[in-house]
Amino acid sequence: MRINWILHILMPVSIVLAFAWAPPVQALGDAGRIIFFHVPVAIVSVAAFLLSGLLSILYLFYHGERFPMLAEKSHNSACLGMLFVILTVITGSIWARISWGSFWNWDPRETSIVILLLVYIAYFSLHSALGRSGSRDRITAVYLIFAMAMVPFFAFIVPRVYPSLHPDPIINPDRQVHLEERMKLTLLASAVSFMLLYFYMFSIMNRMSILKKKIGDRHE
Amino acid sequence: MILQRRLSVKGGSALGSELVRNIIKDVRVEFRSRSALGVALVFAAVTTLAVSMVSGGVPFEPKVQAILLWLIMYFSAMNGLAHGFTREADQGTELFLRIHSDPDAVYLSKLIFNISLFMLVQCVVTPVFAVLMQVDVKDTVHLVLTVAAGGLATASAVTLLAAMVAKAGGRGPLFTVISLPLVLPVLWVSITATGRAISGTAAQGSRDLLFLLAFSGMVIAISFILFRFVWLDE
Amino acid sequence: MNKTGTVLFLTIFLACMTAFMPVKNFRTHDRSSSACATFMQVPGSTLHAAETAATLPSENEDRSVPGSGDSGISAMLPVMAVVLVIWFGIAFFLFRLDRRINSLEQELHEE
C-alpha cells in the first residue's frame, strides 16, 4: 500500500520539523510545540466522528452493492475516533496545565471535546448493551447520526460565540492567522501525517472486519 | 419495508386520528398506575427536601440554585421519560403497536406524552423548589419561559433515545448514559438562563431561549426522520 | 478503502481543518456579559497576561519563558529522540500487522 510508505516517511519528518525546525511560540515558548500534535489529533477525532456518522447515513439509506460492510466501517471509525479524542483530551490538558496553570478549565472548546468523548462512550455503551441483537447495527447507526447532527453545532458554534481561553487571543490577537510560515508548514505536515495515520489504521481495521466476516461465513 | 408508508384514503387526518388515539391510550395507561409520574415526582421531592434540610434554610447563590433545580429535574426526568417505550416492551404491547400504528404517529404521540410528563414534573418541582430553597425570583416570566423551553428541549432529545433503550432491554443507567452527552448542552444553557432569570440579569435571555427552541426544533425533525429505523424491524 | 471513501474522508478532513485552524472567526470580545464568564475557573489575570504578551510584537524573546530562544532547540533534541523512538515502535507494529493481514487474505483467497 502506497499510503503506508508516505506515512512512514512523513510522520518522522513532521516530528523533526516540530521539534527542530519550527520556531517556538512567542508567549508560550517551547511548550507551544504541543500545538503540532494537539491540533491535528483534535481535527482527526472530529473528522473520524463525522465520517462514522456519514457511513451510518449510507448504511441506513443506501441499499446498493457498491459500498459493502458500512456498519462495520462506521464502528471502526468510531473506535479510532475514540482513541484520538482521548489523545486530544490528554494533550489538551497537558497544554492547559503549562499555559493556564490548571489541567481543566471548562473552556468552550474543552467542553465541546468532552461532549464528543461522552458521545463516543455512550455509543460504545449502547453497542455493547445491544449485544448480538439483529438491530444493533441499525440502532447504533441512528445514534451516531443523531449525535452527528447535534455535536458539530456545539463544536463549531459555541466556541465562536463564547470567548475562549484557547490560544486564538495569543496567536491571533486581531483575528488574522498569525502563525509564522515555518509553523504553518509544520502544522500542515503534522496534520497530514495524522490524517494518513488515521486512514492507514482505518484501512487495517476494515480489512480485519472483512476477514472476520469471510471466516464467519465459511464456518456457517 | 422501512421506507413504505401506510396510505390512507383520508390522507393526513389518518395520522392525526392515530396520534390522538395513541396519546389518549398512553395517558390512560399511565394514570392507571401513575408509575412514571410518581417515580419522577417522588425523586424530585426527596432530593429537594434533602438539599433544603442540609442547607439549613440558608439560601444559595442564584447560580447554585439554578444548578440544583436543573439537576433535580433532569434526574427525575431520567427516571420517568424512558417509561413510555419500556412499558410497551415489558407489557408486550410493542408488537401490536408496531403493526397497528404508523411509526410517525407512534413517535409523535410518545413525544407529546414525554413533553407533557416533563412539563407536569416541572410544574410541581419548580414551585416546591422555590419555596423550600428560598429562591428569590426577580424575573418570574423569564424563569417560567426558560424552564418550559429547557423542558421542551430535554424531552424532545430523549424520546428517540428512550426508544433505543427499550430495544436494548431498558435496564439500569443506560438511558442516562446515552442521553447525557446530548442533553448536556441543553442543561448548560438552561442552567445559565435560569440563573439569570432568578437574579434578574436576563439581558441576553432571549438568545438562550432562542437556542433552546432551535435545538428542540432540530432534534424533533431529526428524530422524526430516524424513528422508523429504530422502531421497525427489517 | 475505495476511492469514494477516500474522497469523502479527505473532504471532511479539509473541512474540519478549515474550521479548526486559527483563522478569522466572528467571536465578540464582550467577555464580561458571556455565559462562560460565570464559570471560567482561570482568573482573569492569566488571560490578561497572555494578551499583554501577545500585543508586544517588538519583544521577540520572552526571557521569562524557558526555552524560547535558539538555545532551547538543544533541549528539544532528547524529547524529539524519544518521540521518534515511540513512533518507530508504532510504525513497526502497524507494518507487521499489515503483513499478517496480507498473508491471511492470500490464504483465504487461495482457498
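A helix axis here is a line fitted to C-alpha atoms over the stretch in contact, and the angle between two axes runs from 0 to 180 degrees between their N-to-C directions. With that in hand, take a look at this predicted model. In chain B, the axes of helix α2 (residues 35–55) and helix α3 (residues 62–80) come within 8 Å and cross at roughly 150°. Let's start with chain B as a whole, then come back to that pair.

**Chain B in outline**

- A compact globule of 234 residues would have a radius of gyration near 17 Å, and the 19 Å of chain B agrees with that.
- Along the principal axes, the C-alpha atoms of chain B fill a box of roughly 60 × 35 × 30 Å.
- Buried residues account for 48% of the 234 residues in chain B.
- Take the contacts in chain B with a separation of 6 or more: 86% of them link residues 24 or more positions apart.

**Back to α2 and α3 of chain B**

- How do α2(B) and α3(B) run relative to each other? Angles over 145 degrees count as roughly antiparallel, and the crossing is at roughly 150°, so α2(B) and α3(B) are roughly antiparallel.
- The crossing of α2(B) and α3(B) is right-handed.
- On the α2(B) side, the residues that meet α3(B) include Ala36(B), Val39(B), Phe43(B) and Val51(B).
- Across from them, α3(B) brings in residues including Leu68(B), Ile72(B), Phe75(B) and Gly80(B).
- Ala50(B) and Gly92(B) are 42 residues apart along the chain, and their C-alpha atoms are separated by 38 Å.

**The nonpolar core and a helix pair in chain A**

- The largest nonpolar core has 133 residues, and Tyr198(A) and Met164(B) are those with the most contacts inside it.
- Helix α2 (residues 35–61) of chain A gives this core its largest share, 19 residues.
- Which residues does Tyr198(A) touch, leaving aside neighbours within four places in sequence? They are Val44(A), Ala48(A), Leu80(A) and Phe84(A).
- Helix α3 (residues 70–100) and helix α7 (residues 181–219) of chain A have axes that come within 9 Å and cross at roughly 140°.
- That angle makes α3(A) oblique to α7(A).
- The crossing of α3(A) and α7(A) is right-handed.
- Tyr198(A) turns up again here, as one of the α7(A) residues that make the contact, along with others including Met201(A) and Phe202(A).
- From α3(A), the residues making the contact include Leu80(A) and Phe84(A).

- Met69(A) is not a glycine, yet has a positive phi of about 55°.
- You'll find Met69(A) in the loop between α2 and α3 of chain A, where Met69(A) is partly exposed, with 16 other C-beta atoms within 10 Å.
- Gln134(B), also a residue other than glycine, has a positive phi near 55°.
- Gln134(B) lies in the loop between α6 (103–132) and α7 (140–167) of chain B, and with 13 other C-beta atoms within 10 Å, Gln134(B) is partly exposed.

Methods:
Residues numbered from 1 in each chain as written. Chains lettered and ligands numbered in written order. Predicted model: local features only at pLDDT ≥ 70, side-chain atom pairs only at ≥ 80, totals over all residues. Rg over C-alpha atoms; globule rule 2.2 N^0.38 Å. Buried ≥ 20, exposed ≤ 12 C-beta atoms within 10 Å, placed from the backbone. Contact = placed C-beta atoms within 7 Å. Core = buried A, V, L, I, M, F, W, Y, C linked by C-beta atoms within 7 Å. Helix = DSSP H or I, 4+ residues; strand = E, 2+ residues; numbered from the N terminus. Parallel < 35°, antiparallel > 145°, perpendicular 65-115°, else oblique. Left-handed = near helix turned anticlockwise from the far one by under 90°.
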